[in-house]
Amino acid sequence: MSKWLPALLACLILAPSVSLAQNALPAYQPAAVRQICKAAPVSDTPGGAEVGRVAAGDAITVTDLSLDADGNLHFQYGDATTPRFIASGAARNFCGYGERAAASPTAFLAPPNTCHVIAASRRTLDDVNLFAADYPAYAQVMNVFRSQNGWYAVSLGLISNQIVGQVLSEGPDIPYDAYCSDGANYFEVMDWQDGRFSEPSPPPPADPRDRRREADALFTTALEGDDAEGLRRACLLGNGSSCGHYANLLRQPKDPSDNEVEQITRFDLLGCMLGEPVACNNALFGKSFRNKAVFATFPNRTGAASAPPVLDPELAKIGCDAGLATSCYELAKPAIQYGSKDVTTYLTSVEAMFYACTLKQDGYCRDFAAQMDYRRTVMDSDWPPLVEFGAARVIAGACDDADSADSQECRLTYGRYRRFLESDDGSDDQRRTAVVAIRRGCDAGGLTACAYQSTLSDQFTNDERRTAAAKVRAACDVEKTRGDICDRLATALGDDLPEAQDPIRAEYERRAMTCRTTEGTDGSNPCSDALWYYGGHVSLDDLSVPLALLHETCRAGGKITGCGPLYRYYDGEELLFAGDGVRARFPKRPQKALEVLQIGCAATLEGVGNCGSLGLMLEQTGDFTAAAEAYATGCNTGMTGRTDQYYGQGRVCFWAGENAYNTLRDYANARRWLGFSCYAYDNPYACTYLGLMHAKAEGGPADQVAAAGLYRMGCDMPAELGQRDGQACLLYGQALVAQRETALADAPSVYGDPVIDDEERDAVIAQNLTEASRAYLRACTEEIADACTAHATMLRQWSDGAYPRYDLQCRVIDAQGTMAPAKTCQMFLFYLPAPDGNSDDGWTNVFVWPDGDRTVMFGSDGEPTLNGVPGTWIRPESGWDCIQSSATGRSFCYAAI
């Protein structure tokens, strides 16, 4: 066998099959799912008319959140066109978790959504200790449980069962036959003392009920007397509260020893297994499992927003369900700290911080408000005004407890009431509530409340508004650094009030001076800022003042910062102005626009964008030669800038190269400019053009390998830039098929090596064709019809044996457990649309039976599907890996030959 084929086969066979559960694990409950803990009404709006009921034991998938006018949280689920709502009090992540603490006989269950990594089962503790000696890195966090069958199960720790396959297949030093267990059969835990596992001493009662009664009685006695050893023994006998209390005793020293740190972790987690939410919460904090080197064996949760979960999210769900604010914050942390734009992560954070805020603990209402404000970034929509009103009611509790009407909690409350009042929603009583809150805040000296009052002309009289504005002016004159209101006085007050005019004029003059003295970049132009501010706060009907400023700062041989905004004004582009975000267009004057760009297209970095706009304008008139000159000035200048100096050169060089290629046939410059846009600024379309030029020998010698690489860059594989050119994906797929015997695919181990025999050639062909299927699939999702056809054709041809496949043994187990005789089947790796609709994750194994039938297996993070239906990994006997279909109960199995 070649040196590459084993590694390739390891990739082709789904990793989770290596060593999966020998007992069925409960399905992982996704983050968006909530369990219905008690029967509850379903309404058509938050707190609205009842349209049905949900029963205890049901589950919903949350699609959005809402608040009613009283500040109660509601889950939204169901069809987006007919949304349904239930109060959050009826649903939790996990119902009835605390009931474990009263269960008898005791079981050391893994917390929901987690499992014990069982590395070995042994008949005697001597055998257990021999095994543990071979795994010293795990020794201090191992747990050994007695199972119902009398054997001892050795656990390396707890992990999220979402990543079972990844951990068992990738974790170093984890035995091949390790598996994950929910712990339902584990009724006793062994003691760890002096580097060895032993039975608790004295021996516990044999009857589980007697053992539990002794544990509970011992806990009561030990707690009263601060008896550490009594608490330790009560925990080992199954009393979860004892575990947590014993861990807390170990925490009391300021600098616990390493051994004590490990024991704290062990006993917190044991308490969590036994149903104590506080113990689950405590395991998340302090010197806990998260920083221990031994847990780095499992995918590490620290240091990256995208790191897969180990335990943190699951333990945090338990604690947050129980009303522990620190757990709620931990659950919200991926969104708070990393700004995740995943909708489910975001909604989870809003829900968690809502609960934390209602507990009125310091700072949590601020985080709740901050997460509320992040909605547009994640979901591209705003909260409805009534939800803002409800959020104000929630945060108002923290404002009531604040020392000052200008506290952050109070400012957040007033802001939400203001947004609500600026809408037409709500009842008269609700609007009165908001008005009274803002008035009281201003009366109490809250500058933010006074500023908001000055802007609300429909709710307050002109005299009230002027009085509020005067309070703000007077306070800021005395103490100019008092809060952000004074820093933005010109925009904070009602701009129709006399009290606001001096600050507004002063702010415009400040912006005008910045326009005169500061250069613009691609993303920021001080002259645009001056025009934006003047039109929004001074006058939109008479822009003569800011237009004069723009002409002053757009002069031949002089300053050109005003040329860009002046061009957009004369070109009739829709412009945004300050204040209420008014947009306006002005009469189109093409000749004036052209003249402004001719001034602004200077051979300076600030002029790059103007040159690009000038080139586009000249192309529209048909003057491609003049356009090329403008593009050349902009692109050549832009190419001299540093990587942190962006003035639009990426797009300007693309336009320059496109014009040179398509209209002037200037291939030398086209290669240079398109290459800069492709390599320096990841422009996928520039990469496609450049690839075509390499393929056609335009502007240089033909190089099909380089062309394929450029098509790949244009297709955005594997870079995660959020953009791709569908045509590049098609060309990349075609290049891979045409050059399939050349090492072109993403295989660093073989890249550039000559293919020296048939076996290696088959491996390279298979790898390239798999990559081609991915490229075709991506192009197809970009609605490239030829790619869809090529993708379907390749699948049919490969299934028919046109390309290399790998021999395996395959068999089927029926729903009754009868295993059919093995047959020789053949397998290849192919990209198909994933069951969840995400085509980029559609990595599948295609098995072809002797009669030509196909079985398609898709797996991701240990959650496989079989022919599109969810399944479960099983291992009926050594050497065979199987997926059992949830729809039919039948299993498909395969094994190496």
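## Helices α5 and α6

α5 crosses α6 in a left-handed way (left-handed if the near helix is turned anticlockwise from the far one by less than a right angle, right-handed if clockwise). Helix α5 covers residues 228–236 and helix α6 covers residues 240–251; they pack at about 140°, with axes 8 Å apart. Axes here are lines fitted to C-alpha atoms, for helices over the stretch in contact, and angles run from 0 to 180 degrees between N-to-C directions. Helices (H or I, at least four residues) and strands (E, at least two) are DSSP runs, numbered from the N terminus.

On the α5 side, the contact uses Ala 228, Leu 231, Arg 232, Ala 234 and Cys 235, and on the α6 side Ser 242, Cys 243, His 245, Tyr 246 and Leu 249. Contact means heavy atoms within 4.5 Å. By type, the residues of this contact split into 7 nonpolar, 2 polar and 1 charged. For that tally, Ala, Val, Leu, Ile, Met, Phe, Trp, Tyr, Cys and Pro are nonpolar, Asp, Glu, Lys and Arg are charged, and the others, Gly among them, are polar.

## The model as a whole

This is a predicted model, where local features need pLDDT of at least 70 and side-chain atom pairs count only at pLDDT 80 or more, while totals for chains, interfaces and linings use all residues. Residues are numbered from 1 along each chain as its sequence is written, and side-chain values use heavy atoms, with hydrogens and water left out.

The protein has 34 helices and 24 strands. Out of its 897 residues, 52% count as buried (under 20% relative accessible area, with exposed over 50% and partly exposed in between, using a 1.4 Å probe and protein chains only). Take the contacts between residues at least 6 apart in sequence: 59% of them join residues at least 24 apart.

## Helices α15 and α16

Now for another helix pair. α15 (residues 408–421) and α16 (residues 428–443) pack at about 140°, and their axes are 9 Å apart. That makes α15 oblique to α16 (under 35 degrees is roughly parallel, over 145 roughly antiparallel, 65 to 115 roughly perpendicular and the rest oblique). This crossing is left-handed.

From α15 come Tyr 414, Tyr 417, Arg 418, Phe 420 and Leu 421, which meet Gln 430, Arg 431, Thr 433, Ala 434, Val 435, Ala 437, Ile 438 and Gly 441 of α16. Sorted by type, that contact has 8 nonpolar, 3 polar and 2 charged residues.

## The five-stranded sheet

An open sheet of 5 strands runs in the order β11-β8-β10-β9-β12, with antiparallel pairing. β11 (179–181) and β12 (186–189) sit at the edges with a single partner strand each, so one side of each has no neighbour in the sheet. Ignoring direction, neighbouring strands are turned by 50° against each other on average.

β9 (residues 143–147) pairs with β12 in the antiparallel sense over 3 bridges; for two strands to pair, DSSP has to find at least two bridges between them. Phe 145 has Val 189 in β12 as its bridge partner. Helix α2 (residues 125–133) lies across β8 (114–122), β9 and β10 (152–160), running at about 110° to β8.

In helix α9 (residues 312–321), 9 of the 10 residues are buried, so α9 is largely enclosed by the rest of the structure. Among them are Leu 315, Ile 318 and Cys 320, along with Asp 312, Glu 314, Lys 317 and Asp 321. After α9 comes Gly 323, with a positive phi near 85°.

Thr 467 belongs to helix α18 (residues 462–478). Thr 467 is partly exposed, at 45% relative accessible area. Thr 467 and Glu 499 are 32 residues apart in sequence, and C-alpha to C-alpha they are 9.3 Å apart in space.
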